[in-house]
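User: I am new to this model. Please take me through it in short questions and answers.

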Amino acid sequence: MLKVALLAPIHNSLYARLTLDALARMEDVEVSAIVVRNHLNWQRFKSEFARDGARLIGKIRQKYLLGDRRFSASNHDNLGKLAQERQLSFNSLKEFARQKEIAYRVVGDLNEPRCEALLRETAPDAVVFTGGGLLRGNILKIPKIGVLNCHTGILPQYRGMDVVEWTAAEGKAATVGFGATLHLMDTGVDSGPILLRKTINPQPGEDFNIIRERLEVVMVELMLAGIRKLRDGELQPQPQTAADGRQYYVMHPRVKQFAARMLELQLNTHK
Amino acid sequence: MFRNLLGEALERLAARLDRSVKEDEIRAYVMERYARLNRPGAVDASLDREITELENRLMQLNWIGQTANRTISEQPQNRHDWQGYNWLAEGNCFGKNGLEPGCGQFLDWMDENADTGSRRETDELLEKLMRQVEVKREKALRKFARETSTEQQWMERCDISILFSRSARRRKDLRFLNTALKMNEWYLREARKMRTDHCAVRFLTALAEQEISARELLIC
């Protein structure tokens with residue numbers, strides 16, 4: 001039996017809900033705890049606004065105003081479609097935790113002592129991280145196997161922020177490609193041992209939003225495949241070294257415009 | 001209905017909060033400030049060399065024509081004797097108390113002249129400096145290892161922005177231009193704090209360097 005805990009950035013995260021729903025149905029896997037970051041947090045807003053600027057408002061609109069409806073007009077693979085296919089029946093992690101009698105805690109920051117205490121108490125073999133900021137050593141060292149994170153880019157080459165856009169901007173759509181990487185977290189940024197990787201094949205006409213939405217589906221698949229393989233002892237983490245890749249940061253709007261033109265060019269060239 | 005209205009309101013708010021500065025705004029700012037500094041007798045003659053270097057870049061951008069009264073040099077000259085910069089032997093631009101003044105120009109020189117032996121060291125120093133700026137954002141480069149005047153602090157920030165723009169071109173690495181674009185945007189909002197002509201010229205040079213790199217690297 002593999003014991004897992006789930007960390008989530010917000011109580012209604014569709015990525016977290018879909019992952020949790022499948023984990024709860026998985027044989028020989030037990031979900032022992034769910035910890036969610038409190039979304040009404042001034043410090044968090046300030047720090048995310050400093051990082052993301054005006055685009056944070058767009059994120060808020062997506063998460064709070066549109067929620068699962070943000071996918072309603074899309075035809076490509078996305079989490080909304082996956083939720084329909086899987087007949088996802090719950091709207092919040094809290095609701096699920098109550099139904100299944102799983103320990104549930106809301107915290108201001110995932111590194112805080114209340115989160116640490118719950119994880120120590122429930123002693124998971126692995127922690128499934130579905131977002132919510134950087135984790136410190138006090139949390140990372142609790143699970144026996146480690147904390148699993150799925151990064152929306154190809155590791156080790158593309159670490160950090162906006163890596164879908166950076167891959168396009170650097171003209172690497174055909175060589176490195178767009179994809180997601182499941183890895184064990186360490187105190188660095190996307191620098192922990194790699195577990196699984198999967199790429200997608202974007203089509204001409206697809207933009208960054210569509211690629212990101214398609215990658216969110218891949219992230220659920222990879223996270224579940226990772227847990228299944230860890231349960232069965234089939235995964236060997238592959239360590240990264242700093243020199244294997246580079247760290248990328250939030251992309252400036254002018255660079256992003258360039259990245260969008262590069263994406264269009266590359267997708268049309270390689271169709 | 002309520003959700004639609006709220007959605008529109010959030011879109012308007014996002015547009016208002018968008019502080020990114022476009023190329024034509026940068027050009028207008030630079031040209032307006034340059035015109036002020038370029039009036040006869042407007043600035044001290046000791047700044048002639050620095051203004052010439054700015055003009056070189058403005059000509060490269062085709063923002064001005066050939067200037068009549070100043071000699072145009074090909075590349076800006078390195079103005080320092082780098083002896084005494086042994087703090088870099090410790091592998092960091094940051095001392096116990098903060099940034100080592102002079103590191104912007106020194107790293108620029110190092111990056112331009114790096115041989116195989118020093119390439120790795122230069123790479124690491126540049127990466128550390130970029131990470132510091134990206135992580136601390138506006139709060140980065142505010143503390144200095146030694147007592148440094150406000151003017152010198154602004155000059156150093158401008159030099160680091162210039163370093164990033166030039167390293168982006170040298171290395172064909174967009175990440176450095178990305179950082180320079182952000183830095184110059186933050187500093188543009190604080191430009192009134194750069195009280196001396198010397199600071200103003202250096203900041204205009206940083207903006208021009210950024211635009212030269214953007215023109216070279218943001219082309220499909």
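User: Is A:Y248 buried or exposed?
Analyst: This is a predicted model, where local features need pLDDT of at least 70, side-chain atom pairs count only at pLDDT 80 or more, and totals for chains, interfaces and linings use all residues. Residues are numbered from 1 along each chain as written, chains are lettered from A and ligands numbered from 1 in the order written, and side-chain values use heavy atoms, without hydrogens and water. Buried means under 20% relative accessible area, exposed over 50%, and partly exposed in between, with a 1.4 Å probe and protein chains only. A:Y248 has 2% relative accessibility, so A:Y248 counts as buried.

User: How is the aromatic pair of A:W166 and A:Y248 arranged, and what is the angle between the planes?
Analyst: Rings of Phe, Tyr and Trp (its six-membered ring) pair if their centres lie within 6.5 Å; planes under 30 degrees apart count as stacked, over 60 as edge-to-face and the rest as tilted. A:W166 is buried, at 0% relative accessibility. The two rings lie 5.3 Å centre to centre, and the pair is tilted, with the planes at 45°.

User: Which parts of chain A does the pair of A:W166 and A:Y248 tie together?
Analyst: Helices (H or I, at least four residues) and strands (E, at least two) are DSSP runs, numbered from the N terminus. The two residues are 82 apart in sequence. A:W166 and A:Y248 also belong to one aromatic cluster with A:Y158. The pair therefore ties together helix 8 and strand 9 of chain A.

User: How much area do chain A and chain B bury between them?
Analyst: Buried area is the accessible area (1.4 Å probe) that two parts lose on being put together, summed over both. Contact means heavy atoms within 4.5 Å, and here it takes 26 residues from chain A and 32 residues from chain B. Of the buried area, 64% is on carbon and sulfur atoms. The total is about 2600 Å².

User: Which residues of chain A lose the most area to chain B?
Analyst: Three residues stand out on that side. Together they account for 29% of what that side buries. They are A:Y249, A:H252 and A:R254.

User: Which residue does A:R254 meet in a salt bridge?
Analyst: A salt bridge is a side-chain nitrogen of Lys or Arg within 4 Å of a carboxyl oxygen of Asp or Glu. Across the interface of chain A and chain B the rule finds two. A:R254 is buried at 14% relative accessible area. Its partner, at 2.8 Å (N to O), is B:E211.

User: Where in chain B is the partner of B:R175, B:E127?
Analyst: The side chains of B:R175 and B:E127 meet in a salt bridge of 2.5 Å, N to O. The pair links distant parts of the chain, 48 residues apart, with B:R175 in helix 7 (residues 174–189). B:R175 is buried at 1%, while B:E127 is partly exposed at 21%. B:E127 lies in helix 5 (residues 116–136) of chain B.
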